[in-house]
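Please read them with the structure open beside you.

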Amino acid sequence: MIRLYNTLTKTVDEFVPNVPGKVAMYTCGPTVYHYAHIGNLRSYICEDVLEKTLRYAGYDVKRVMNITDVGHLSDDADNGEDKMVKGAQREHKTVMEIAKFYTDAFFEDCRKLNIKRPDVVEPATSCIDEFINMISVLLEKGYAYRSGENVYFDTSKLDEYFVFGNQNEDEQMVGVRDDVTEDTNKRNKNDFVLWFTKSKFEDQALKWDSPWGVGYPGWHIECSCISMKHLGEYMDIHCGGVDNIFPHHTNEIAQSESYLGHKWCNWWFHVHHLNDREGKMSKSKGNILTVSVLEEKGYDPLAYRFFCLQSHYRKPLEFSYDALDNAVAAYDRLKNRVLAIAEEAVNAGKAVKTEDAHGGGHTYKASDGAADAAVFEQYKTKFIEALSADINTSMAITVLMETLKADTDAATKLALVSSFEEVLGLGLLTVKEEAGSGVDPEFEKYILEQIELRKAAKKEKNFAEADRIRAELLEKGIALEDTREGVKWHKA
Ligand code: AMP
Ligand code: ZN
């Protein structure tokens, strides 16, 4: 039994999916106008642990994620800045080039952080027909209206708009939007745009024909349509960071349930923010802290994952290098202890070293039947209990540490660590080897040259060029890793 907090009911309840044994799960994906910062990635790490916990508990999970590549304005009226257009202007590229580059960069960060790619990933720009259909139905049903050449959702038609309740309207407006500007086309303060045809962005790159004229969709509609396209009319869990509660998720519920005529999603899972000294880490503030920046400073991305899992997803997490250094020290101690136990099991003839599935290193596996079944069950149950208590990851790590001290043999401990790693994903059993194996010597020479060029670019602070080189190598199947000992490469 998994108990989960639900932002909708404000209680921790037993999780019960609509269809026994199956979970339909949706995650708001990144807005791909810039690198994801480590705050965004805190949300994705916690959602990854939720998904893996559900799988570990035996559920068949289908997880869908959108990629926001159109329509995300800094304000949900017609007067905010379009984040994608802003990104394209900044880098003198087209919006689609920006979207592709930062989508790839996002998944590369996820790979480094052991965040599983959702089963379905769909960019907003590939679902325009679905958006037009939903907006047409909302207009037909009287939930939407046309004004100032845009189409708006009419929040006055709902019995309850603030379904997440609790806060008053003014509080919800503050801290969510970068600026709050009046849109005189709206009938009610909280109405939001479903489709833009009249825009102040004359250079708006992406436009589509629609029954209401050439234009582009608002931001919120994409998550309603993309989730329904792949998960149907009933969803079990919808995830996002707490800043998505209002207005994004509030608006998703408004339009989805008005369209469907019934309740849409039962559970809302929200991850609290990673803050720095100035408050919430935010892409629009510029100067963002990314996984690459951490790597350049010599941090292993998985130590950052460990840092996140030491705290509860429903508490704000304060980032500082001191706090990260403490996590790194604990992570290194834990990993060294685990690897010593794994070696002990190998030496006892009860485990084998195998090539790491991702190449470039090795991992350990206890031999079949080598673990003490009773001890294995005892600790596995404790581990599941910790996670079932509203995804208590720090407690799950404590169980892992207790396991290492348990009165049992190394093979049993190793089997338990590998099992827990299915959820924790901390790379505790993976040892990266010096790169350089298994490629054509000419190609290896090319890789080393590119690494040198990238180093030179970084020295000149030309990070765009350094990132381009990294992305180009990745396209050729080679991943780079910035470590304390220098740049290493391996097959991606
Ligand atoms: P965005 O790319 O801005 O659309 O955001 C991607 C995800 O990151 C969303 O689920 C946001 O709610 C979440 N998010 C944004 N800022 C933070 C932060 N400082 N800490 C944790 N999650 C965040
Ligand atoms: Zn969304």
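1. Helices and strands are named here as DSSP runs, a helix being H or I over at least four residues and a strand being E over at least two, with numbering from the N terminus. This is a predicted model, and the points below should be read with that in mind.

2. With those names in place, the loop between α11 (373-388) and α12 (393-405) holds aspartate 390, a residue that has a positive phi of about 55 degrees although it is not a glycine. Is aspartate 390 buried or exposed? Its relative accessibility is 4%, and because buried means under 20%, aspartate 390 counts as buried.

3. A positive phi of about 60 degrees is also found at lysine 461, again not a glycine, and this residue lies in the loop between α14 (441-459) and α15 (463-475). Lysine 461, however, has a relative accessibility of 64% and therefore counts as exposed.

4. One further backbone detail deserves a look: the peptide bond that joins phenylalanine 246 to proline 247 is cis, its omega being near 5 degrees. Proline 247 belongs to helix α7, which spans residues 245-260.

5. For leucine 54, leaving aside residues up to four places away in sequence, the contacts are Ile2, Phe15, Val23, Met25, Tyr59, Val61 and Ile237.

6. Three strands form an open sheet in the order β15-β16-β17, and their pairing is antiparallel. Because β15 (351-355) and β17 (431-432) each have a single partner strand, they stand at the edges, and one side of each is left without a neighbour in the sheet. Between β16 (residues 361-366) and β17 there are two bridges in the antiparallel sense, and histidine 362 has valine 431 of β17 as its bridge partner.

7. Helix α13 (residues 410-424) lies across β15 and β16, and runs at about 115 degrees to β16.

Methods
Residues numbered from 1 in each chain as written. Chains lettered and ligands numbered in written order. Predicted model: local features only at pLDDT ≥ 70, side-chain atom pairs only at ≥ 80, totals over all residues. Heavy atoms only, no water. Contact = heavy atoms within 4.5 Å. Pairing = 2+ DSSP bridges. Axes fitted to C-alpha atoms, helices over the stretch in contact; angles between N-to-C directions. Buried < 20%, exposed > 50% of the residue type's maximum accessible area, 1.4 Å probe, protein only.
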